[in-house]
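I opened my notebook for a friendly look at this structure.

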Amino acid sequence: MKSSTTITTNNTKLILLHPSIHKQGGSHRFWLLAFISFFTFAFLLTLLNTRDSITTTNTTIRTGATTSSSSSSGSQLPKNIEDALLHYATNSNNTGKMTDSELNSITQALHQCSSPCNFLIFGLTHETLLWKALNHKGRTVFVDESEYFIAKFEEKHPDIEAYDVQYTTKVSEMKELIKSAKEQQKNECRPVQNLLFSECKLGINDLPNHIYEVGWDIILVDGPRGYYPSAPGRMSAIFTAGVLARNKRSGEGKTHVFVHDREFGGIQGFASPFRP
């Protein structure tokens, strides 16, 4: 609404219109329009940010689920450790197993390896899967007298590396064999030699060639059988373990050799180089 002022001059009326009210109303409309524009802009900006936040949250959830799934898959136990746990959970009452102190002695030797251990075991026993599991990232090789037993064991546990050996010794001949080995100590039965070409009656020379080339960190003699006169006994395994230990190259560290036999009161251990 406009205001007016009337001026009378010589009977003439001059009406002046004041636009102040009109300008004030236009100013209000301008600020109202500016406010609405600002509010609209703020609303749109908030909406966009909310959508980005929702998208980011969903992405995070999906990523977290994927990571969780991957972690769950990656945290699964290796097959050999799983087999060992199941085996000992169901066969804990086996009468032929080692004692706690015997197991601890060998386990401590495994812990002393500066790198993954090379572990050679004579005999497939109740502890076979345990040795494989404890030496998880190392090389574990088994030697046994029974080709049939090895085949059945490998059928159930394909990741086991095992070889059969034909022993020519007998427990009933133990005294004569040991006497002969002592007499040939500087020749066929010398402490350091290539067993592949050994003529010593106690030497095992029919294993795969690569077995003789490995620098073994630990050797366990827990076989073959020796509890009756015609059994092969452990003389050959002990002699062969001693030669393999002495043949280890310098700079590769020492070799721990353990001999397990209940007739001798448990487990005996020594490290190379040792004197004959």
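**Strands.** I looked up strand S6 (residues 218–221) and found that S6 pairs with strand S7 (residues 256–261) in the parallel sense, over four bridges. I noted that this is a predicted model. Within this pairing, Val221 stands opposite Val259 in S7. I then followed the chain from S6 to S7: the path goes through helix H7 (residues 235–246), and this β-α-β crossover is right-handed.

I also checked S6 against S3, and four bridges join these parallel strands. Here Leu120 has Ile219 in S6 as its bridge partner.

**Aromatic pairs.** I counted three aromatic pairs. One of them is Phe119 with Trp131, edge-to-face, at 5.8 Å centre to centre and 70 degrees between the planes. Phe119 sits in strand S3 (residues 118–122) and Trp131 in helix H4 (residues 128–134), so I wrote down that the pair links distant parts of the chain, 12 residues apart. Phe119 counts as buried because its relative accessibility is 0%, and Trp131 counts as buried at 0% too.

Next I looked at Phe149 and Phe153, whose ring centres are 6.1 Å apart with planes at 80 degrees, so this pair is edge-to-face. Both lie in helix H5 (residues 147–156), four residues apart, about one turn of the helix. Phe149 is partly exposed at 36% relative accessibility, whereas Phe153 is buried with a relative accessible area of 14%.

Terms used
Residues numbered from 1 in each chain as written. Predicted model: local features only at pLDDT ≥ 70, side-chain atom pairs only at ≥ 80, totals over all residues. Heavy atoms only, no water. Phe/Tyr/Trp six-rings, centres within 6.5 Å; stacked < 30°, edge-to-face > 60°. Helix = DSSP H or I, 4+ residues; strand = E, 2+ residues; numbered from the N terminus. Buried < 20%, exposed > 50% of the residue type's maximum accessible area, 1.4 Å probe, protein only. Pairing = 2+ DSSP bridges. Right-handed = clockwise from strand over helix to strand, strands pointing away.
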